[in-house]
Amino acid sequence: MYISTRGKSEKISAAQAIKMGLATDGGLFVPEVIPSVTGQWIANLVPMSYQERAEAVLKLFLEDYTEEELTTCIANAYSVNKFDHAEVAPIVSLNPQDHILELWHGPTSAFKDMALQLLPQLLSKALYKTQEKDQILILVATSGDTGKAALEGFMDVAQTSIVVFYPQDGVSEIQKLQMKTQKGRNVAVVAVKGNFDDAQTGVKRIFSDNSFNALLKEDGIRLSSANSINWGRLVPQIVYYFSAYADLVKKEEIRQGDPIHFVVPTGNFGNILAGYYAKIMGLPIHKLICASNSNNVLTEFLQTGIYNRKREFYKTASPSMDILISSNLERLLYYFADCNTQQVSKWMEELKEQGYYTISKEILLKLQETFWADWVNDKQTLVTINDVYSKYNYVLDPHTAVAWKASEDYRNLTGDQTPHVIVSTASPFKFNENVLVALGGEEHVTCVNEFDALRDLSQTTGWKIPANLASLEELEILHHLSCDKENMDVVIRSFVKSE
Ligand SMILES: *Cc1c(COP(=O)(O)O)cnc(C)c1O
């Protein structure tokens, strides 16, 4: 069963938690008991496919789903039509100590696919299992990556539809094309005349607009969100920690039972939290290294115990980690406060009211037994991309480069020789401009067109452009809608009526 981190919601099943997303008391759903596994259970994963490993892990958390339901969800999410690598999340070992876990072989070339391919499948089954009559309409405001990943995940999924709002001049040409060419009979894509904050504020306002929600309800429609606090987005991410470990054993890079560290480029704390769950379950993870960019709120927190969102916001070369409020941290705090929901509520209240909170010295020391944190500026990020390419012929995207540098810093500082898995969250082609600058210097970037930049990166490195990006130039534009930030609700109404 699932309970809220703030302690004032009822216990509910996994299917209900996935359907609701957020608990009624404003908290996040967590499993009442974290399942544990044995060394033998982990050893059994070694010969399995990614899909089989996913089923083994998911069934421990989603006990109200039948085996058949899970098999179908997983097959739909991680099929060969969606992922361009048979292993789904392969490991590339650059040397005996540094192993890259590539999480970007999905339909949008970034790691959000790992969760957003499965969440809609789990949600659709949850609707059926809880005998929900209404249609679920997913609203997303996106600064680029999440919108496309959500569109791909929800495309043609039963009993759901999705509207994505993006800032008209706030996303890259490729990101815009990725969304405007989206297929599927249940999707809409709308350019908002404004910036990301305008789109985000508009969506939030619509979620809390009671009379608008009542109108939709008359048409049998309920709003929901696909953001990373939903348990259905977190649980798929636990799988690849186990899968990575099993692959290292399979490739004889480590022996079953050996400890390893994971290094995670972190924003909203979803990815690294999934690693924490894997550790608590019994996976031999020693340290979880939390890597940030100049928005280093988490580094400061894990070093000092003070979480302070009142600071300057930087736009960096690793934009998917440009975040000042890491929502999933609430789940971690819940465990480190020994499930004291009053304490968690108090911290979250302080964060909201005064912009910061402080945890006790005792909790900080406990956190530091597992977590180590570091941050990396843009200059170091680009230098790292260049270094790693020169040394290994391997092309890191800027987010992964942040993790690589933090990983190096940890090893240099501590002398600890435990192997590292560096979690790679995006294909370098997705952030081609910064990667080209890193590889060739500013003067190298003469491309006026993003497709030229893709080809340039491919020629420079010999790496193949992911098919989903290469094909964009030829695809038909299917979505032409745009609206003022005041009229987002009007667009939703007319989409609902036209469906
Ligand atoms: C979302 C994202 C991250 C951050 O992941 P969190 O789970 O939010 O910590 C890192 N890198 C890329 C490329 C992302 O898209």
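This is a predicted model: local features need pLDDT of at least 70, side-chain atom pairs count only at pLDDT 80 or more; totals for chains, interfaces and linings use all residues.
**Exercise 1.** Describe how helix α4 packs with helix α6, and state which classes of residue form the contact.

*Solution.* Two packed helices are described by the angle between their axes and the distance between the axes. For α4 (residues 67-77) and α6 (residues 119-129), the angle is about 150° and the axes lie 9 Å apart. Next, look at the residues that meet: α4 brings Glu 69, Leu 70, Thr 72, Cys 73 and Asn 76, while α6 brings Gln 121, Leu 122, Lys 125, Tyr 128 and Lys 129. Sorted by class, this contact of α4 with α6 holds 4 nonpolar, 3 polar and 3 charged residues.

**Exercise 2.** Decide how α14 and α15 are oriented to each other, and find the residues through which they touch.

*Solution.* Begin with the geometry: α14 (residues 329-336) and α15 (residues 341-354) pack at an angle of about 140°, and their axes are 9 Å apart. Angles over 145 degrees would count as roughly antiparallel and those from 65 to 115 as roughly perpendicular, and α14 and α15 are therefore oblique to each other. The handedness of the crossing of α14 and α15 is right-handed. In the contact, Glu 330, Leu 333 and Tyr 334 come from α14, whereas Thr 341, Val 344, Trp 347 and Met 348 come from α15. By class, the contact of α14 with α15 has 5 nonpolar, 1 polar and 1 charged residues.

**Exercise 3.** Explain why α14 can be called largely enclosed by the rest of the structure.

*Solution.* A residue counts as buried when its relative accessible area is under 20%. The buried residues in α14 are Leu 329, Glu 330, Arg 331, Leu 332, Leu 333, Tyr 334, Tyr 335 and Phe 336. Because 8 of the 8 residues of α14 are buried, the helix is largely enclosed by the rest of the structure. After α14 comes Asp 338, which has a positive phi, near 55°.

Methods: Residues are numbered from 1 along each chain as its sequence is written. Side-chain values use heavy atoms; hydrogens and water are left out. Axes are lines fitted to C-alpha atoms, for helices over the stretch in contact, and angles run from 0 to 180 degrees between N-to-C directions. Helices (H or I, at least four residues) and strands (E, at least two) are DSSP runs, numbered from the N terminus. Angles under 35 degrees count as roughly parallel, over 145 as roughly antiparallel, 65 to 115 as roughly perpendicular and the rest as oblique. A crossing is left-handed if the near helix is turned anticlockwise from the far one by less than a right angle, and right-handed if clockwise. Contact means heavy atoms within 4.5 Å. Ala, Val, Leu, Ile, Met, Phe, Trp, Tyr, Cys and Pro count as nonpolar, Asp, Glu, Lys and Arg as charged, and the others, Gly among them, as polar. Buried means under 20% relative accessible area, exposed over 50%, partly exposed in between (1.4 Å probe, protein chains only).
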